[in-house]
Every structure is written in structure tokens, then in C-alpha cells.
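Please go through the points below with the model open beside them.

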Amino acid sequence: MKSNLFTLLLSTLLFLTACGNASSTSEDGKTALTFAEPARILSFAPLYVAIEKGYFEDEGIEANIASGGGGSQVTATILSGDTQFALAAPRAMLSAIEAGEDLVAIQGLNSALTYEVALSETFMKEKGITKESTVEEKVKALAGAKIGSNQVGDSGDVYLRYLMEKYGQDQSTLETVKMEGTGSKVGGMQEGIIDGGIASPPFSALVEAEDGGSLALELSEEEMYAELAWEIVFAKRDYIEDNPELTTKVVRALGKAIEFTRDNPDEAAGLITGYFEGVDQAILEKSLTSLKPTYVGYGEMTQAAWDHAQDPLVELSEISGVSQTHDTAEEKLWTNRYLKEAFPK
């Protein structure tokens, strides 16, 4: 059903695609580009850092952000020509490819899965687990649990259920409840309505600050999720092939920002506080520090990382809507070509 709905959304936009994804020139002579993001999340920190540090400006680019609407909306804006580059999980790109679109990833903002599971203290005591328990112990404890998620059936839901199956648990016993935002999840945990929640940072730090529970599991603790193409930068293949120099400038700006964010989480947190209204800078710094292992190199991708991203989606296709196994060799779904141009060794 989800795949059919996505196909319908794309078909309604086909008449717009003839306009292409043409960039424009700003008043000061810079190339104006718009980057689409599904929501304002910390995993996209390098994008915000690249803007605030002036890395895009150094490349002659005026960077704008179109935020919200989820992965399907992000991809739709690329196809309609309203935006030139998209930042989203691989699921959004793969769904569009299965609908007949030709998209390609040019950089990985995160090289590991960033989701984290926070659980109420009551639930953790009942299950006899702590943050120091093994991944297997923590995953097995989730059998029969009720977990709050921003969207039932989202990528966090899929990857968590796949992990349960890997450790011999019946993933259908996990109940996910739609609870958008951290506040609703914290309240649900405090009232015992849910046992925990799943989201990307700064989720667990905010939960702990509100005494709603504790970080129990970072999905990147699982070996296959520690090398996974997560939040990626992608575009229409014909657009990047028609604009190779511009694409190289984009990945160079973002690559510098990935490096800066990894090496300077304290300074990066200070730069991007305005993007996360109401979130204390100390929490952003703590969360960026926890994300350091996901910011690898300049955003280079690997076939193994793409396999690890795709396999759970296909295995749980009835939830993810991704039903086809795609060729994950370089230059098929993804390319490091422009990163090699931007950062020659």
C-alpha cells in the first residue's frame, strides 16, 4: 500500500519534472541551491555546519533548506525541480527508484545508523537490563514491548524489528505507537503508556534531561548497523551528470563540515543552536559527541554499507515498501566519484 501511495504521489508530479532541477543565481552572483530534508534532525548537522561555517559560500553557493514532510515529500521536491539535492534515509531514494526514477547518492552524512532506544527505568528494571547489557540481551528484552515512534512503520521501526529477528525474537510482538516529538514520548514513558521510544539524537539526551528514562540501546552497537549508509545526499542522476563541478563543490562543502563536526562537537553545537530552538547547547554537544563515530571521512560510502541499509528494508518489505533487491555496486545506486574529485589523495 505504501509503495502504491508513493507511486501515486510521484505520478502527480511528473508533469513538473520537465522543468528539471535547474539552479538559479542569487543577487550576489552565487549559485542558489535548495537542499530538502524530511525533518530537522541532528544527523543532518553537517549541512547546518557547512552553512554556518561558510563552506558553501567559499564554493560560491548560496545554500537554502526546505524542511519537513518526510522522505516521500523530500524525493517529490527533487523530482519536481523545486530542490536540487535531498538529504534522507536510503529508503526514500529506493522507493523512488522502484517507481521508475533515476536517482543516485553522492555522499553519506552518516556512515552508521543513528537511531537510539530510550527505555523507562521501570521497564529496564523489570527486564533486568542496563545500558551495559549486551546487544542481544537488550534486543530480547524488547519482545512484547510498547515503543513510541515518530511514525509507525518508519525506518527506525523497520531496523529495530529486523534486529529482533536477527536475535531470534518474534518482531510482531513489538508494538509501536505513533508519538511525534520527544515530549509526547517522555510523557508516555513517565505515565507508563509506553515502555520506551526510538528516534535519532538528541532524543535520549532529552529523555534523560526530563527524567523520562535512560538510553538503553544505540542501534549502531550492532555490527552491521555500525557500517550502514544512513542519511545520504542524493539527486537526479542527469542533474549531477550535467553539473559535475557544482556537485563536486557541494560534496566538498559538506565533507569539510563532516570533518569539522566530528573533530569539534563543542564548536559545532554552538554554531547550530539556532536550528534547534529550545534545545540546550550542552545537550546538542553531548549528542554530537555520541554521533562522532557516524561521521566517517568526508562521507565516502561502501557497498557493504549499502547492503546493510538495503537488506532490512527488503526483508520487511511489507512495512518498508521496498520490495526489490538492487545492485549495490559503486556507480549503481551511489558514487564516490565527486568526493574523489573534491578530496584528491
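1. The model is predicted: local features need pLDDT of at least 70, side-chain atom pairs count only at pLDDT 80 or more, and totals for chains, interfaces and linings use all residues. Residues are numbered from 1 along each chain as its sequence is written, and side-chain values use heavy atoms, with hydrogens and water left out.

2. The structure holds 9 aromatic pairs. Rings of Phe, Tyr and Trp (its six-membered ring) pair if their centres lie within 6.5 Å; planes under 30 degrees apart count as stacked, over 60 as edge-to-face and the rest as tilted. One of the pairs is Tyr 159 with Tyr 225: their ring centres are 5.6 Å apart and their planes stand at 85°, so this pair is edge-to-face.

3. Where do Tyr 159 and Tyr 225 lie? Tyr 159 is in helix H8 (residues 155-166) and Tyr 225 in helix H11 (residues 223-226), so the pair ties together parts that are 66 residues apart in sequence. Helices here are DSSP runs (H or I, at least four residues), numbered from the N terminus.

4. Tyr 159 has 1% relative accessibility and therefore counts as buried; Tyr 225, at a relative accessible area of 0%, is buried. The cut-offs are under 20% relative accessible area for buried, over 50% for exposed, and partly exposed in between (1.4 Å probe, protein chains only).

5. Tyr 298 and Phe 343 have ring centres 3.7 Å apart and planes at 0°, so the pair is stacked. Tyr 298 sits in the loop between helix H15 (281-291) and helix H16 (303-315), and Phe 343 in the segment after helix H18 (337-342), so parts 45 residues apart in sequence are tied together by the pair. Tyr 298 is partly exposed, with a relative accessible area of 24%, whereas Phe 343 is buried at 17%.

6. One aromatic cluster is formed by Phe 35, Phe 56, Phe 85 and Tyr 239.

7. Helix H2 (residues 45-52) is mostly covered, with 6 of its 8 residues buried. These are Ala 45, Pro 46, Leu 47, Tyr 48, Val 49 and Ala 50. Gly 54, which follows H2, has a positive phi, near 80°.

8. How many residues of helix H5 (residues 90-98) are buried? The count is 9 of its 9 residues, including Arg 91 and Glu 98. Just after H5, Gly 100 takes a positive phi of about 100°.

Conventions. Helix = DSSP H or I, 4+ residues; strand = E, 2+ residues; numbered from the N terminus.
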